[in-house]
Amino acid sequence: MLEKTAAILDVIERGPASSAEIAEATGISRGTVFRLVRVMARLGLVAQDGGRVTLGPRIAQLAAAGDGVPVANAWAEKLVALRDATGAFAVRLHQLHSPATRVCIAEVLDLHAPQRSQLGMLEPLRADPVTLTFLTWQSNQPGVRVPAAVPYRDDTLTRTRRRGWAQGFSGPDHCVATVAAPVLDRRKRVVAVLEISGPVAALTPAPGRTHGRSLIAVASDSDVISECLYRKGAAVPGAPAHKVSSLHLLTTTRRTG
């Protein structure tokens, strides 16, 4: 049975998969996969999102313990609290992977969120609040150039720095709101960006003004800063230059209002 459990973990380590896909990849019957996944979910080894099976929070805790990181994950609890307080569907921490790409190192998702997991995925910098935040707090560092794909003007960077956060809207009819704030080390260098995203109905039409201070407070928390400093430079699967070993949480909590 342990061999079958390990085989299932091997499959979803490469990305979310359905029970049918797991059965096909492992040769385990679909009924057995279903039963094992149910037990593994109860133990926190996997999580289920719309019929897809992903790695669960217990995996991240075990990895952190092996790396010498406290399992308590007080920083993770703060991300969960931020999601619940703001009504966001997703809370994410991002770090730069290269001058032109970024990677999500931790995320807390609502089970009912329409967004897919971004954990460990490399993404090009694009014109959005996360990229704007990175560029704003890097603009005073020598050798930093704004990519042509995100032509922010100096006054935009100045205004963002003064506010302490960046906001934006996406999706059909701009129905999804995003707010981002920098995680800064003691020398005020940006080591990560904290982002919340969710429907405008929950985050309000002025999400930065409504939630900016709460986001800055969490981004300035010593536990969150320490986590980001620990993760900086540490492996994304398939990208040897940068390693991600972090948190992915799905919860069944549905907020109202």
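Figure 1. With a relative accessibility of 10%, Ile28 counts as buried (buried is under 20% relative accessible area, exposed is over 50%, and partly exposed is in between, using a 1.4 Å probe and protein chains only). This is a predicted model, where local features need pLDDT of at least 70 and side-chain atom pairs count only at pLDDT 80 or more, while totals for chains, interfaces and linings use all residues. Residues are numbered from 1 along each chain as its sequence is written, and side-chain values use heavy atoms, leaving out hydrogens and water. Ile28 sits in the loop between H2 and H3 (helices are DSSP runs of H or I with at least four residues, strands are runs of E with at least two, and both are numbered from the N terminus). Leaving aside residues up to four places away in sequence, Ile28 touches Lys4, Ala7, Ile8, Ala23 and Val33 (contact means heavy atoms within 4.5 Å). Lys4 and Ile28 are 24 residues apart along the chain, and their C-alpha atoms are separated by 7.4 Å.

**Figure 2. Helix H2 and what covers it.** H2 runs over residues 19-26, and its buried residues are Ser19, Ile22 and Ala23. These residues end up on the same side of H2 because they cover an arc of only 100° around the axis (the arc is that of the directions from the helix axis to the C-beta atoms). Their cover includes helix H1 (2-13), helix H3 (30-42) and strand E2 (52-55). Just after H2 comes Gly27, with a positive phi of about 80°.

**Figure 3. Arg42, out in the open on H3.** Arg42 belongs to helix H3. With 62% relative accessibility, Arg42 counts as exposed. Between the C-alpha atoms of Arg42 and Gly56 there are 9.8 Å, with the two residues 14 apart along the chain.

**Figure 4. Leu79 and its neighbours.** Look for Leu79 in helix H5, which covers residues 74-86. Leu79 counts as buried, at 0% relative accessibility. Not counting residues up to four places away in sequence, the contacts of Leu79 are Val91, Leu93, Val108, Leu194 and Val218. Leu215 is 136 residues from Leu79 along the chain, with 9.5 Å between their C-alpha atoms.

**Figure 5. Ile105 in strand E4.** E4 spans residues 101-110 and includes Ile105. Here again we have a buried residue, since Ile105 is at 2% relative accessibility. The C-alpha atoms of Ile105 and His94 are separated by 5.7 Å, and these residues are 11 apart along the chain.

Figure 6. Since 10 of the 10 residues of H6 are buried, the helix is largely enclosed by the rest of the structure. The buried set is Pro129, Val130, Thr131, Leu132, Thr133, Phe134, Leu135, Thr136, Trp137 and Gln138. Among the elements covering them are E3, E4, H7, E6, E7 and E8.

**Figure 7. The second largest pocket.** This pocket holds about 490 Å³ of space. For the method, take a 1 Å grid over the protein atoms alone: a pocket is an open set of points with protein on both sides within 12 Å along at least five of seven lines, a cavity is a set where a 1.4 Å probe fits but cannot get out, and lining residues have an atom within 4 Å of a point. Points are joined across faces, edges and corners, and the volume is the space filled by probe spheres set on them. There are 29 lining residues, and Asp128, Pro129, Ser170, Thr178 and Glu195 are the closest to the centre of the second largest pocket. Two or more lining residues come from each of strand E3 (90-98), helix H6 (129-138), helix H7 (154-163), strand E6 (166-170), strand E7 (176-184) and strand E8 (190-199). E6 gives the largest share, 5 residues. Sorted by class, the lining has 9 nonpolar, 11 polar and 9 charged residues (nonpolar covers Ala, Val, Leu, Ile, Met, Phe, Trp, Tyr, Cys and Pro, charged covers Asp, Glu, Lys and Arg, and the others, Gly among them, are polar).

**Figure 8. Two loop residues with positive phi.** His174 lies in the loop between E6 and E7. Although not a glycine, His174 has a positive phi of about 55°, and at 54% relative accessibility His174 counts as exposed. Lys188 is in the loop between E7 and E8. Its phi, near 65°, is likewise positive in a residue other than glycine. Lys188 counts as exposed too, at 59% relative accessibility.
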